[in-house]
Structures are given as C-alpha cells and as structure tokens.
Amino acid sequence: MNTIKLKAPGKINWTLNVTGRRPDGYHEVEMLMQSISLWDELILTECREGIEVAGNARIMPLDESNLAAKAARLIMDRFGVKGGVRIEINKNIPVSAGLAGGSADAAAVLAGLNALWQLGLSDEELAGLGAALGADIPFCIFGGTALARGIGDRLTSLPALEDIPLVLVKPSFGVSTASVYQALKLDEINFRPDWEMVYQLLAAGEFYLLSSYMGNVLEQVTAKLYPQINEIKEALDNTGAAVSMMTGSGSAVFGVFESARQARKAAEKLKLHYPHVFFASSYGRGVEIVQGGSLWTE
Ligand code: ATP
C-alpha cells in the first residue's frame, strides 16, 4: 500500500493591503505572507477508487466540499488518474481563522499526489493548478516569506524570516472571508501598511518599531463586526507583545514577541481567558513530505 505523510503549515500576514477592486469583483491585494510552525498533518493512502476524506467532522466538512478533496479531484481529472485516494487530515490549524488551513491542506494534497502518482510536476506547476482552487494555495506550496500581489496568487519569494516568536489567539467564532471583503470600503481605509519597512524591521529584529508600519486593512472591518478582535489585541499587548495584528480576514490575532520565553509565558496567561491559544514561530517552508513517496526522509 502506497502511503505519504505531509506537513501543511498555516500562514499569517505580516501586512495586508487592498489596492483596488477588479471589474470581476475580486480585490487586488498586496500582502507580506509568512508560514508558521503550526501545521496540519495529512496522510494520503492510495486506494482502488474515489476520494475519501477522514478527520474531525465537527471542525471541517468531510465530503467533496473539503478543499483537500477538491485538490485531489483536480489532479485526478487533469491527469486522468485511474484509482483513488484516502485523505486523513489531523487538523491543528484553527478553521475560518485567516490562517489558510484549508489552502494548506489542498496544497499538501497537490504535492502529495504528485509524488504518490509520480506525475513529475514542478512546484510552479503545482502552484498554477492550486491557484484555480484558492488564491492562498500557491503560497502554501512554496511557503517561507513572500510578497503576494494580484488576488494573492502572484508571488515574489523573499529570504525567509524564521524563528520569530508568535502567540496566536483564535476567538470562539470564525469569520467568513467573503463577508469581510463585502463590508470593506476602499475609500474609508485610513492607514496602509508598508511591507518593505516591515520586512526590514523583522529581519533586523527591531520589533518595537513595527507598529508604525505594520497593518491589515481588513482588521477594522472585522473588528466592527466582532469587537472581541480589539479586546484580544489589547490582551496580547498587555502580556508583552511588541505588536499585535489580525491575520487575513480573521478571526485569529497574533502577537510578535522578543523571545520565545516571553511568548510562552504570554500564551500561558492568555489560555486562562481564551479557548484557542497557540505558541508558534515564523517558519521557513511550505508543504513538505515527511514520510513515504520518493522523498522519504526518515
Ligand atoms: P479563507 O480565507 O479561505 O476563508 P481561512 O484560513 O480563514 O481561509 P479555512 O480554515 O481555510 O479558513 O476555512 C474556510 C472554510 O473552508 C470553512 O468554512 C471550512 O469549513 C471550509 N473548509 C473546506 N476544507 C477545509 C479544510 N481542509 N480545512 C479547513 N477548512 C476547510
């Protein structure tokens, strides 16, 4: 039996700017993206036919609407694969949190099936396939640190920012990305982030200067709908975060810390008040095969 195990890291946005709206309704964005050390684990097992998704049904759909199943369907149809796959998802990335959990799973399925069925596709080709399913999927294939433009799918890789200590807080509610973009009024944006300054300050470890340049133009929109976003930011700031920001369209908020020790202490305190708190750090890679296939590493 052919089985492959993969790591599918989530992401945060160090910056998120919306620069325009296209005639087709999509928004033009400019985002400094970052993989994080919080990942789902996927196990792909070849089977005779069909696509089966297994995992925790209380937190994600296990039918063909799962983004991982859609990625498998795309590969099977495009390459006329005979056979099927069972996709087991051990979910660690909170859902509807702005952490690209579904996109990471889909990216892992594309990379995993490429190896399992020896399709010989490059990362660029996998990213091209993934873009048709979701704008964050190309980033999840490459990972690390990158500037994303267009609708989020046009990537410029940057030297990866690694091991920056983070605390993530996910409130009990999730947020629908579509509803936040619908409520966004471009002429009401009063602060736009400067991704170049943010990248330089992060690379130099000057975290306390970040707040003048870091920003997410969706934060005010989501915070208007869910005031708890601002409350969490305040709680992160009060536990010693150098800066705090919402990721994507929310609902997760992250704080940047000077040291892993400080971040762990802050996470312990925040766990007393919030149901989902994670200590993590910035991470230098995207999806990765950890066992099985031709890239077996253990
Ligand atoms: P987005 O910006 O695309 O909304 P997100 O990171 O905020 O992404 P996800 O965790 O990807 O949120 O979940 C978004 C939606 O996708 C949820 O409604 C969820 O039920 C659905 N979904 C489908 N497949 C998955 C999956 N494999 N993991 C998580 N959610 C999934």
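The legends below accompany close-up views of a predicted model of a protein chain with a ligand.

View 1. The domain assignment divides the protein chain into domain 1, residues 3-159, and domain 2, residues 165-283. Taken over C-alpha atoms, the centres of domain 1 and domain 2 are separated by 23 Å, and the contact between them draws 36 residues from domain 1 and 33 residues from domain 2.

**View 2. The area buried between domain 1 and domain 2.** About 2,700 Å² is buried between the two domains, and carbon and sulfur atoms give 68% of that area. On the side of domain 1, Trp14, Leu16 and Val18 together supply 23% of the area buried against domain 2, which is more than any other three residues supply.

View 3. On the side of domain 1 that touches domain 2, at least two residues are supplied by each of β1 (3-21), β2 (27-47) and β5 (145-149), and the largest share, 13 residues, comes from β1. Sorted by class, that side of domain 1 has 17 nonpolar, 14 polar and five charged residues.

**View 4. The surroundings of the ligand.** The ligand is surrounded by 16 residues, of which the closest are Asn66, Gly98, Ala100, Gly102 and Thr177. For threonine 177, by contrast, the atom concerned belongs to the side chain, where an N or O atom is 2.7 Å from an oxygen atom of the ligand.

**View 5. A cis peptide bond at glycine 250 and serine 251.** The peptide bond that joins glycine 250 and serine 251 is cis, with an omega of about 15°. Serine 251 belongs to the loop that runs between β9 (243-246) and β10 (253-256).

**View 6. The backbone at glutamine 118.** Although glutamine 118 is not a glycine, its phi is positive, at about 45°. Glutamine 118 is placed in the loop between α2 (101-116) and α3 (123-131).

Key
Residues are numbered from 1 along each chain as its sequence is written. This is a predicted model: local features need pLDDT of at least 70, side-chain atom pairs count only at pLDDT 80 or more; totals for chains, interfaces and linings use all residues. Side-chain values use heavy atoms; hydrogens and water are left out. Domain bounds come from an automatic or database domain assignment. Contact means heavy atoms within 4.5 Å. Buried area is the accessible area (1.4 Å probe) that two parts lose on being put together, summed over both. Helices (H or I, at least four residues) and strands (E, at least two) are DSSP runs, numbered from the N terminus. Ala, Val, Leu, Ile, Met, Phe, Trp, Tyr, Cys and Pro count as nonpolar, Asp, Glu, Lys and Arg as charged, and the others, Gly among them, as polar. A residue is near a molecule or strand if one of its heavy atoms lies within 4 Å of it. A polar contact is a pair of N or O atoms within 3.5 Å; within protein, one must be able to donate a hydrogen and the other to accept it, and residues adjacent in sequence count only if both atoms are side-chain atoms.
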